[in-house]
Amino acid sequence: MLINALQEYKDAEEKLWKEIVNDKEEQYFIEHTDVSIATSLLENLIKLRVLGTELPAYELMLKINKDKALTLIKDLYLSQDLANHAKDQVVDLKGMFADIKNILGKEELEKVLNSKELLRKNKKNKRVQEAIKFALEQDEDR
């Protein structure tokens, strides 16, 4: 029945949220995951924007598959006109940029910010500029 499927989905979302923000679960995941399967699942979670899990999922992806995580932000966020996008993806950039800096370092963030994928119109977007400023000012000892 549909009601049962909806309840199972709600329960699964709650369980996912609790586990994705749990430090012990994160560490176990990083140490024991099949990177290719996990990367695909995390990418899907980020694209679906389920229950605010896109930022914790992106942080995990940076830790297990840096190259795919950087490609994802460029393809899904930076290379699209964020001012006219149906989904408000700019809201995620503050956390994503900060995670790149805190996990991979300021030099890696600078590479992303200077990449050809970051559209000129996005560089001029006030909210994108605020996200960049926020990330650059964050302490790396989060």
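I took helices (H or I, at least four residues) and strands (E, at least two) as DSSP runs, numbered from the N terminus. Residues are numbered from 1 along each chain as its sequence is written. The model is predicted, so I kept local features only at pLDDT of at least 70 and side-chain atom pairs only at pLDDT 80 or more, with totals for chains, interfaces and linings using all residues, and side-chain values using heavy atoms, without hydrogens and water.

**Entry 1: E43**

I looked up E43 and found it in helix α3, residues 35-48. Is E43 buried or exposed? E43 has a relative accessible area of 15%, and I call a residue buried under 20%, exposed over 50% and partly exposed in between (1.4 Å probe, protein chains only). E43 is therefore buried. For contacts I required heavy atoms within 4.5 Å. Leaving out residues up to four places away in sequence, E43 touches M61, K68 and L72.

**Entry 2: the largest nonpolar core**

I defined a nonpolar core as a set of buried Ala, Val, Leu, Ile, Met, Phe, Trp, Tyr and Cys residues joined through side-chain atoms within 4.5 Å. In soluble globular proteins, nonpolar side chains tend to be buried together. The largest core here has 34 residues, and I46, Y58, I73, L93 and F97 touch the most other members. At least two residues of this core come from each of α3, α4 (54-64), α5 (66-78), α6 (90-104), α7 (106-113) and α9 (126-137). Helix α5 gives the largest share, seven residues.

I then listed the contacts of I46. Beyond residues up to four places away in sequence, I46 touches E54, A57, Y58, M61, L72, L76, Y77 and M96.

**Entry 3: the largest pocket**

I searched for open space on a 1 Å grid over the protein atoms alone; a pocket is an open set of points where a 1.4 Å probe fits, with protein on both sides within 12 Å along at least five of seven lines, and lining residues have an atom within 4 Å of a point. I joined grid points across faces, edges and corners, and took volume as the space filled by probe spheres set on the points. The largest pocket holds about 310 Å³.

Which residues line the largest pocket? They are L16, E19, I20, E25, E26, Y28, F29, A38, L41, L42, L45 and L60. Helices α1 (2-20), α2 (23-32) and α3 each supply at least two of the lining residues. I sorted the lining into nine nonpolar, no polar and three charged residues, counting Ala, Val, Leu, Ile, Met, Phe, Trp, Tyr, Cys and Pro as nonpolar, Asp, Glu, Lys and Arg as charged, and the others, Gly among them, as polar.

**Entry 4: salt bridges**

I counted a salt bridge where a side-chain nitrogen of Lys or Arg lies within 4 Å of a carboxyl oxygen of Asp or Glu. The count comes to ten.

K10 and E14 form one, at 2.8 Å from N to O. K10 and E14 are about one helical turn apart because they stand four residues apart in helix α1. K10 is partly exposed at 41%, and E14 is partly exposed at 36%.

E59 and K63 form another, at 3.1 Å from N to O. Both lie in α4, four residues apart, and K63 is partly exposed at 33%. I also noted that E26, E59 and K63 are linked in a network of salt bridges.

K111 pairs with E108, with the closest N and O atoms 3.9 Å apart. K111 and E108 are three residues apart in α7, about one helical turn. K111 is exposed at 54%, whereas E108 is buried at 14%.
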